[in-house]
Amino acid sequence: MASLTLVIPGEVLSEDILPVPSNKSIPLRLGPGLRHIPPSTVTTTIAGPLCVDGRKNAVWVENNRGRYIPQPNDVVIASVHHSSTDWYHCAITPHTAFALLPQLAFEGATKKTRPQLTSGSLIYARVLSASKHLDPEIVCYNPSTGKSEGMGELKGGMVFDVSLGMARRLLLNKQRDEGGLIVLDELAGELAFEIAVGRNGKVWVKADGVKATLLVGKALQDTDRDALKIDEQRKLVKKLLRQT
């Protein structure tokens, strides 16, 4: 489980606070809120809890209510704004430049089989590259495997906004142990639904009908807004189910 300490912008992280991986071949992964100054200095760029995960050799600054800054390898939910000859220009957040999605950046896509996306189409994608000097580039496959792994166009359903911290917790492999979340497990015991979580604070939900979709979205947003603990999440789900 990740450890936490508070930092302010401009702090230099000492070596003893950085993770020590069990496998030394795993490179150090710097997430949002941190900047690397060669050769070996790491400084903070925002205020918030510093999260250190030794298992993944990763460190980042949590910023629940701040703006999302694209980071390589993040999964995001984006909407197509317009297209050009070889690219789809996609909105990740209202305040960042459009991300560039190659029209062939889908599993097995060719000029004949590529998805025909239009303005407003939703996609689940991975950030391939991002820097302050270039527009982000996203793809709808895992660059390591070439497989879609659930990425691509999101059809139907609804999109709900959550905090960046909630999005991170929802993306954890062990939501209960590492993120203190059971809300999805509780919902899955009663409802059938699909979900995609973007690191940019967007959650796509598709259930059997509008009411069920709204219920799942409300459960996630209420859990996030009120910082509900595990028992409170269980009570919330029961309450919402009784109201339907």
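Colleague: How do you know that β14 pairs with β15 in this model?

Modeller: Keep in mind that this is a predicted model. Two strands pair if DSSP finds at least two bridges between them. Here 6 bridges join β14 to β15 (residues 202-207), so by that cut-off they are a pair, and they run antiparallel. One of the residues to look at is Glu194, whose bridge partner in β15 is Lys206.

Colleague: What makes β13 and β14 edge strands?

Modeller: The sheet is open, with 3 strands in the order β13-β15-β14. β13 (158-161) and β14 (193-198) each have a single partner strand, so one side of each has no neighbour in the sheet. On average, neighbouring strands are turned by 25° against each other, ignoring direction.

Colleague: And what packs on that sheet?

Modeller: Helix α4 (residues 210-225) does, touching β13, β14 and β15.

Colleague: How do you know that the span of α5 agrees with what a helix should have?

Modeller: Helix α5 (residues 230-243) has 14 residues, which at 1.5 Å a residue should span 20 Å. Its end C-alpha atoms are 20 Å apart, so the two agree.

Colleague: Why are Gln233, Leu236, Val237 and Leu240 called buried?

Modeller: Buried means under 20% relative accessible area, and these four residues of α5 are buried by that cut-off. They cover an arc of only 95° around the axis, so they sit on the same side of α5. What covers them includes α3 (183-188) and α4.

Colleague: Which residues are exposed on the other side of α5?

Modeller: Asp231, Lys235 and Arg242 are exposed there, and exposed means over 50%.

Definitions and conventions:
Residues numbered from 1 in each chain as written. Predicted model: local features only at pLDDT ≥ 70, side-chain atom pairs only at ≥ 80, totals over all residues. Heavy atoms only, no water. Helix = DSSP H or I, 4+ residues; strand = E, 2+ residues; numbered from the N terminus. Axes fitted to C-alpha atoms, helices over the stretch in contact; angles between N-to-C directions. Contact = heavy atoms within 4.5 Å. Expected span 1.5 Å × (residues − 1). Buried < 20%, exposed > 50% of the residue type's maximum accessible area, 1.4 Å probe, protein only. Arc of directions from axis to C-beta.
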